[in-house]
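Here is a short briefing on one protein chain. Look over the sequence and the model first, then read on.

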Amino acid sequence: MIIRVGHLYPEYLNIYADRGNIAVFERRAAARGHELRVAPVSIGTPLEPGSHDLVYVGGGQDREQAMIAPDLAGHGEALRDAVAGGAALLAVCGGYQLLGRGYRGRDGSWLAGAALFPHETYAGETRMIGDVLLESTLAEEPARTIAGFENHAGRTVLDPGAEPLGRVVSGYGNDGTSGYEGCRVGRALGTYLHGPLLPRNPWLADLLLSWALAHATGDEPEPLEQLADELEHEAHLVAAARARERGGRPAR
Ligand code: GLN
């Protein structure tokens, strides 16, 4: 199958090698005989709901977020329709923040978001930096662990009843107090976890790919054939141990 990917603002939102997540999707799809067709969606690029099986957006500094926010907010309806239509989506950090209703900067400025995710973010005085370990709360993969790295001033507050991505085992997560990280709406996942995220969490890449394939074929999602993933599992264990050891505590 051909999996059509829309990569939002690749030249603005790509810190901590977030673009590496696309490389993981590409390699893991190819290992099962599928081909990824990645189309950049930048400022001024139209976004047709249904034209992508998988949408991806990375993280970025406040400055870059401010440059793309008006354009992204303009895609709000198309993104909500795309996800309601079964498209898969992964949003990281700055992209995750702007797929909520908006981001209040430390200077009080408000960046309106695309309102796909039921949350709002406000920048705090301190940055939340470090290794993170989560326990997934996804029905498809309950209690599986997710390991990554976070660096954000933003505190994201989920609406009551909103579904997170996982429970924080070690780290700050959405706001450093709720004990949860990320957000899920249908086949759309948002998270603060950089790294990039997917090389050390291959099961999450496969879950998103299975949703993208289901969108491409119109069938129900099917688990993908298992890959060896020795290196990936090793990387996960190392990242998880580091998070347990020092996640969620200000760097000494
Ligand atoms: N600029 C946002 C914040 O500081 C997002 C940072 C990021 O993408 N790592 O919270």
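How far apart are the mean positions of the positive and negative charges of the chain? They are 6 Å apart, with 23 positive and 33 negative charges counted. Keep in mind that this is a predicted model.

**Overall build**
- The chain holds 6 helices and 12 strands.
- Its radius of gyration is 17 Å, close to the 18 Å that the globule rule gives for 252 residues, so the chain is as compact as a globular protein of that length.
- The C-alpha trace spans about 45 × 40 × 35 Å along its principal axes.

**Inside and surface**
- Buried residues make up 54% of the 252 in the chain.
- Take the contacts with a separation of 6 or more: 72% of them come from residues 24 or more positions apart.
- The accessible surface is about 10,600 Å². Carbon and sulfur atoms account for 53% of that surface.

**Strand S4, an enclosed strand**
- Strand S4 covers residues 88-92. Here 5 of the 5 residues are buried, so S4 is largely enclosed by the rest of the structure.
- Both faces of S4 are covered. Ala88, Leu90 and Val92 are buried on one side, and Leu89 and Ala91 are buried on the other.

**The partners of S4**
- Strand S3 (residues 54-57) runs parallel to S4, and 4 bridges join the two. Within this pairing, Tyr56 has Leu90 of S4 as its bridge partner.
- Strand S12 (residues 188-191) also runs parallel to S4, again joined by 4 bridges. Val92 has Thr191 of S12 as its bridge partner.

How values were computed
Residues numbered from 1 in each chain as written. Predicted model: local features only at pLDDT ≥ 70, side-chain atom pairs only at ≥ 80, totals over all residues. Heavy atoms only, no water. Rg over C-alpha atoms; globule rule 2.2 N^0.38 Å. Buried < 20%, exposed > 50% of the residue type's maximum accessible area, 1.4 Å probe, protein only. Contact = heavy atoms within 4.5 Å. Areas by Shrake-Rupley, 256 points an atom, 1.4 Å probe, with all protein chains shown as cover. Lys, Arg positive; Asp, Glu negative; His and termini not counted. Charge placed at Lys NZ, Arg CZ, Asp CG, Glu CD. Pairing = 2+ DSSP bridges.
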